Amino acid sequence: MTQNTLDARDAGTEAPLVSVRDLKTYYADDSIIASKPPVKAVDGVSFDIYRGETLGLVGESGCGKSTLGRTMLGLETATDGDVVVDGTNVADLSGRERREWARNAGMVFQDPEESLNDRMTIGEIVREPLDAHSVGTPDERRERVRDLLTTVGLQPEHYYRYPHQFSGGQKQRIGIARALALEPDFLVLDEPTSALDVSVQARIINLLNELQDDLGLTYLFISHDLSVMKHIADRIAVMYLGNVAELGPARDVFDDPQHPYTVSLLSAVPGRHGTDVERVALPGTPPSPRDPPSGCPFNTRCPAKIRPAKHDDLSVDAWDAIEAFREVLRGRALGQDGVLAEVKRRLGFVDADVTESVDDLFSNVEIDGDAWAVIEQSIDLAEDARYADAEALLADEFGGVCEERDPENELGDGRVSRCHRHRDEYEDVAPVVERRRADD
């Protein structure tokens with residue numbers, strides 16, 4: 001991206017190519033036996049992508065990255081929200097209009113082994129989009145395919161070979177050629193290098209950069225690997241549990257991460273500043289997208305979570321044990337059948353798994369006074385299979401602003417970080433995370 005383009009974007013004079021606004025993609029449970037909440041794969045995402053840039057979308061597996069990319073292309077149906085491309089809301093398109101949009105956008109998939117049909121020649125695979133849209137004559141399509149193979153670093157004579165005759169890197173080049181067949185303006189690249197060796201990854205990234213410069217392409221580059229983003233992304237959006245936690249210029253995100261989740265991800269990148277950075281380990285596991293936590297989506301694992309002042313004497317280990325126990329209770333409550341739970345309660349059923357969890361979590365942790373009294377009450381409720389009540393009791397006692405309100409962006413200058421810690425009344429992220437490092 002040129003400096004003039006960056007300046008125009010910063011000044012607010014350049015219109016984005018793609019605008020995503022409050023996009024949601026939910027998957028309902030169709031079971032007739034027991035109704036469950038929908039899976040909130042994408043839960044209110046907003047960002048812009050500017051012409052000629054690469055927006056990197058990064059996060060853990062299962063955070064909704066691929067679903068977001070597929071929804072933007074119309075491969076998944078949006079539950080709510082807008083995807084506006086050059087002034088047209090793609091979410092509202094149907095029939096011929098959607099078909100026309102498909103010519104202006106393409107996708108490169110994660111696994112080249114799975115995305116290519118072994119029964120078709122390379123020429124047939126790359127020509128398929130041209131045939132589907134009846135582009136030119138058959139001879140012109142074949143010539144276009146040969147040109148595309150040359151463009152991505154293959155040979156025209158590869159036209160009549162089959163996918164099994166190529167290496168992983170060559171197969172990904174074939175997938176890129178197919179995505180370019182209809183001369184799109186916008187490409188979604190879904191983990192295009194994750195299935196490749198490191199040396200092959202570098203060659204594919206160099207190819208994508210060259211194609212972007214030569215053809216004026218705009219990319220959404222999806223990856224779980226932040227080290228890859230450093231070499232291709234102009235800006236980076238960090239995604240967690242269906243939400244964008246942080247967004248900003250790639251250099252700023254790498255050099256000065258603002259959200260505690262980004263801090264943790266970057267701490268796992270070896271040699272980010274020339275030496276290994278001490279790891280910021282996250283407690284617990286990501287919550288279920290069927291039952292995301294209230295308030296900030298990251299609050300159940302956040303190393304900088306704002307704690308209630310009345311329990312400021314509790315250690316890091318104590319807080320981790322309490323959060324882990326609450327996670328156990330949330331899981332039990334989510335899968336609980338109300339009638340069955342009531343029968344168990346009336347029969348005096350004791351949940352042995354919960355009892356074992358309590359022993360594992362609290363046996364070596366020092367918690368005294370009022371805090372432990374509340375935990376004991378919660379344990380009693382859990383042993384009566386009243387999991388939701390047990391968790392609600394702990395939430396009332398040990399919760400705080402991070403659980404009460406979903407944070408808004410508190411930054412400016414083109415950066416987004418949805419974290420309450422950026423507000424003046426709270427200590428900032430960095431010193432809190434540093435103290436946790438020391439305690440761990």
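Biologist: Which residue in S4 is the bridge partner of serine 19?

Modeller: The partner is valine 84, in a predicted model in which local features need pLDDT of at least 70 and side-chain atom pairs count only at pLDDT 80 or more, while totals for chains, interfaces and linings use all residues. Residues are numbered from 1 along each chain as its sequence is written, and side-chain values use heavy atoms, with hydrogens and water left out.

Biologist: What makes strand S1 and strand S4 a pair?

Modeller: Two strands pair if DSSP finds at least two bridges between them, and strand S1 (residues 18–27) and strand S4 (residues 80–85) are joined over five bridges in the antiparallel sense. Strands here are DSSP runs of E with at least two residues and helices are runs of H or I with at least four, both numbered from the N terminus; the chain holds 18 helices and eleven strands.

Biologist: Why are strand S2 and strand S5 called edge strands?

Modeller: The open sheet has four strands in the order S2-S1-S4-S5, with antiparallel pairing, and both S2 (39–49) and S5 (88–89) pair on one side only. Helix H2 (residues 65–72) lies across S1, S2 and S4, and runs at about 115 degrees to S1.

Biologist: Why is histidine 133 called buried?

Modeller: Buried means under 20% relative accessible area, exposed means over 50%, and partly exposed lies in between, with a 1.4 Å probe and protein chains only; histidine 133 has 17%, and therefore counts as buried. Histidine 133 sits in the loop between helix H5 (122–132) and helix H6 (138–151), and, leaving aside neighbours within four places in sequence, has Arg99, Arg103 and Leu182 in contact, contact being heavy atoms within 4.5 Å.

Biologist: And what makes histidine 164 buried or exposed?

Modeller: Histidine 164 has a relative accessible area of 56%, so the residue is exposed. Histidine 164 lies in the loop between H6 and helix H7 (168–180), where, beyond neighbours within four places in sequence, Asp118 and Lys171 are in contact with histidine 164.

Biologist: What makes a set of residues a nonpolar core, and which residues have the most contacts inside the largest one?

Modeller: A nonpolar core is a set of buried Ala, Val, Leu, Ile, Met, Phe, Trp, Tyr and Cys residues joined through side-chain atoms within 4.5 Å. The largest one has 61 residues, and those with the most contacts inside it are Val126, Ile174, Ile176, Leu180, Leu208, Leu226 and Ile236. Helix H8 (residues 198–215) gives the most to this core, with six residues. Apart from this core lies another of 29 residues, including Cys63 and Leu93.

Methods: Axes fitted to C-alpha atoms, helices over the stretch in contact; angles between N-to-C directions.
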